[in-house]
Amino acid sequence: MNDVLQTASHIGIIPVIAIEDANNAVPLARALTAGGLPAAEITFRTAAGEESIRRVARECPEVLVGAGTVLNLDQCRRALDAGARFIVSPGYNPELVDFCVKEGVVVLPGCVNASDMTRAYNAGLKVVKFFPAEQSGGVGFLKALAPVIPLNFMPTGGVNTKNLMDYLSFDRITACGGTWMVKKDLIEGQRWEEITAICKDAVKAMLGFTIRHVGVNCAGEAEAEQTAKTFSAVFGLDCKAGNSSIFAGSLLECMKKPYLGKNGHIAIGTNNVDRAVYHLGLQGVSFNEESRKTDAKGNTTAIYLQEEFGGFAVHLVKN
């Protein structure tokens, strides 16, 4: 996958922003980044859009900045000159798409029907914008078309914290565009801390961390079996033996021999392991790459953190 699209996928939510005053662009970008969303699709709907892109690209290089509501080739060229790393249009413009494909620029044309999606696929695109998402049938519409049109999608329009995972749980969604964390009154009121808090809530909902089970390091198979049986008897759980451990229900994993962690490990479930690795990495968390497990598509299904917590190793697993 293209680096820009890969980064967008890892971020998961791309804020879609209309900025009236370019002086607000950099503080807003920093507020988004503090909230865990270092990305901005800054629209050309306002006169300040081009200058806002330029300032964010120059002063916040860690932010994945793109241009939205690009309607023609002139706007596209201006956006790229300002530092936009991707182009988003509300509809399918053949001239715009052909130019971006030729220049190697990521372009996400708005597609809400099979005809435009087919044109996008035949133009060589991998991902398109689905806008307005909720008003156009939502994720159900995309699931109906997905078997016959091999594209991924970035839904925008009507997406919010409540329905976010309805979209992101579908593996053909690269990321979602969102406006709920960058409402006009929040930007014009320079309520940066509030924007950061909304972003943090969105990231929390997207990652969906849960405790899946606790693993206990036992001295050997006999101790693992006895521990699992005792725990199961107390709490009315079934025992299930595996190659390296014995589970008591889904709560406790008794290791037949000590593994990572002084005392054992804690398994943390998440909706998307690769996305969780990215977001935790933004906080300085490091991972044990030797422990990474992937599926047939190359998606990470499990990985251990480098750090232990209270004598326990921690690993992420997919919910």
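**Helix packing, cores and local backbone features**

Thr7, Ser9, His10 and Ile11 of helix α1 contact Asp274, Arg275, Tyr278 and His279 of helix α12. By class, the residues of this contact are 2 nonpolar, 4 polar and 2 charged. Helix α1 covers residues 3–11 and helix α12 covers residues 273–282. Their axes lie 8 Å apart, at an angle of about 90 degrees. Helix α1 is therefore roughly perpendicular to α12. The model is predicted.

Helix α4 spans residues 73–82, and helix α5 spans residues 94–103. Their axes come within 9 Å and cross at roughly 35 degrees. On the α4 side, the contact involves Leu73, Cys76, Arg77 and Leu80. On the α5 side, Glu95, Leu96, Phe99 and Cys100 take part. The contact of α4 with α5 holds 6 nonpolar and 2 charged residues, with no polar ones.

Overall, the secondary structure consists of 12 helices and 16 strands. Along the principal axes, the C-alpha atoms fill a box of roughly 75 × 45 × 30 Å. The protein has 319 residues, of which 51% count as buried. Among contacts with a separation of 6 or more, 60% join residues 24 or more positions apart.

The largest nonpolar core has 90 residues. Those with the most contacts inside it are Leu28, Leu32, Ile87, Met117, Ile195 and Leu316. Helix α10, residues 192–207, gives the most to this core, with 7 residues. A second, separate core has 7 residues, including Cys218, Ile246, Leu252 and Cys254.

Helix α2 (residues 25–34) contains Leu28 and Leu32, both buried. Ala25, Val26, Ala29 and Ala31 are also buried in α2. The buried residues of α2 pack against strands β1 (13–17) and β2 (39–43). They also pack against helices α3 (49–59), α9 (184–188) and α10. Beyond four places in sequence, Leu28 touches Ile17, Ile19, Val182, Ile187, Trp192 and Ile195. Just after α2, Gly36 takes a positive phi of about 95 degrees.

Thr196 sits in helix α10. Its relative accessible area is 12%, so Thr196 is buried. With neighbours within four places in sequence left aside, Thr196 is in contact with Ala31, Ala34 and Gly35.

Two positions toward the end of the chain illustrate contacts between separated residues. Lys293 belongs to strand β14, residues 287–294. Lys293 counts as exposed because its relative accessibility is 55%. Ile303 is 10 residues from Lys293 along the chain, yet their C-alpha atoms are separated by 6.4 Å.

Val285 lies in the loop between α12 and β14. Its relative accessible area is 27%, so Val285 is partly exposed. Val285 and Leu305 are 20 residues apart in sequence. Their C-alpha atoms are 7.3 Å apart in space. Val285 touches Leu280 and Leu305, not counting residues up to four places away in sequence.

Backbone geometry was examined at three further sites. The peptide bond from Phe131 to Pro132 is cis, with omega near -5 degrees. Pro132 falls in the loop between β6 (127–130) and α7 (138–145).

Thr69 has a phi near 55 degrees, a positive value in a residue other than glycine. Thr69 is located in the loop between β3 (64–68) and α4. Its relative accessible area is 18%, under the 20% limit, so Thr69 is buried. Gln190, also not a glycine, has a positive phi near 50 degrees. The loop between α9 and α10 holds Gln190. With a relative accessible area of 48%, Gln190 is partly exposed.

Technical notes:
Residues numbered from 1 in each chain as written. Predicted model: local features only at pLDDT ≥ 70, side-chain atom pairs only at ≥ 80, totals over all residues. Heavy atoms only, no water. Axes fitted to C-alpha atoms, helices over the stretch in contact; angles between N-to-C directions. Helix = DSSP H or I, 4+ residues; strand = E, 2+ residues; numbered from the N terminus. Parallel < 35°, antiparallel > 145°, perpendicular 65-115°, else oblique. Contact = heavy atoms within 4.5 Å. Nonpolar A, V, L, I, M, F, W, Y, C, P; charged D, E, K, R; others polar. Buried < 20%, exposed > 50% of the residue type's maximum accessible area, 1.4 Å probe, protein only. Core = buried A, V, L, I, M, F, W, Y, C linked by side-chain atoms within 4.5 Å.
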